[in-house]
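Here is a short briefing on one protein chain.

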Amino acid sequence: MSDQVIAALITGVAGIIAALIGLRWREWSKASGRPVASGTEPPIFDAARQFAKFTTLEQKKKTIQPIEVALSHGTVALTINQMEACASSEWELDRIGLYLFEEYTAQPNHIARLMHVRHEYERIRAATYPRSSLPLVYALHSLLVLARQQPLLAEAVGEGAELLVDIMRFCGKHPHLDPDHEIRRLVDKLLGLLERRRLRSA
């Protein structure tokens with residue numbers, strides 16, 4: 001079997017998997033490298049529309065799981081432009097998909113991951129209507145994985161300690177945001193990790 005045939009098969013399989021998990025490959029402008037404007041931007045993940053209608057955690061987790069599997073196995077990847085679009089997307093599943101992609105591709109960009117945590121916190125804090133805290137959970141988990149994988153970044157990640165404490169306090173005042181205490185557990189683990197590494201380097 002020729003290399004061209006193999007490449008075509010791989011591309012075809014990747015496209016099928018992308019379709020199955022609801023990943024929308026937008027048309028990108030070759031000139032600018034940015035998404036073609038279409039008025040109201042569609043989500044990167046087509047499944048995001050249905051995800052937004054779900055009312056239970058079980059439904060949402062079932063939608064996230066195949067996306068996580070595909071991203072963790074490298075079957076599907078996000079381009080730089082798609083990562084940027086996901087980061088600013090109003091669709092929760094787009095942002096969750098981004099945080100999973102960053103986690104599984106082990107990109108040591110602590111600045112971006114801290115920014116994602118801050119942005120998710122700001123969305124919740126400034127909301128005038130109920131917002132899900134699930135994207136914040138995935139952003140925190142991605143940051144925790146990075147802090148564990150990259151010991152040299154512990155000090156840099158520690159710059160976000162004040163933000164982490166603020167998140168914990170806010171969720172303490174609004175317990176409906178963290179009914180299963182997952183946010184508290186993640187923040188506790190992050191702060192504990194940073195403190196242990198601070199003491200080791202002292």
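Across the whole structure, a search turns up 1 aromatic pair. The ring centres of Y121 and F170 are 5.7 Å apart and the planes stand at 80 degrees, so the pair counts as edge-to-face. The model is a predicted one.

**The aromatic pair**
- Y121 belongs to helix α6 (residues 110–126) and F170 to helix α9, so the pair ties together parts 49 residues apart in sequence.
- Y121 has 6% relative accessibility and counts as buried.
- F170 is buried too, at a relative accessible area of 17%; the cut-off for buried is under 20%.

**Helix α9**
- Helix α9 covers residues 161–173, which makes 13 residues.
- From first C-alpha to last, α9 reaches 19 Å, close to the 18 Å expected at 1.5 Å a residue.
- Its buried residues are L163, L164, I167, M168, F170 and C171.
- An α-helix has 3.6 residues a turn, so residues three or four places apart point the same way.
- Exposed residues E162, R169 and K173 lie on the face of α9 turned away from its buried side.

**The chain overall**
- The chain has 10 helices and 0 strands.
- Of its 202 residues, 41% count as buried.
- Take the contacts between residues at least 6 apart in sequence: 66% of them join residues at least 24 apart.
- The accessible surface comes to about 11600 Å², and carbon and sulfur atoms account for 57% of it.

Notes
Residues numbered from 1 in each chain as written. Predicted model: local features only at pLDDT ≥ 70, side-chain atom pairs only at ≥ 80, totals over all residues. Heavy atoms only, no water. Helix = DSSP H or I, 4+ residues; strand = E, 2+ residues; numbered from the N terminus. Expected span 1.5 Å × (residues − 1). Buried < 20%, exposed > 50% of the residue type's maximum accessible area, 1.4 Å probe, protein only. Phe/Tyr/Trp six-rings, centres within 6.5 Å; stacked < 30°, edge-to-face > 60°. Contact = heavy atoms within 4.5 Å. Areas by Shrake-Rupley, 256 points an atom, 1.4 Å probe, with all protein chains shown as cover.
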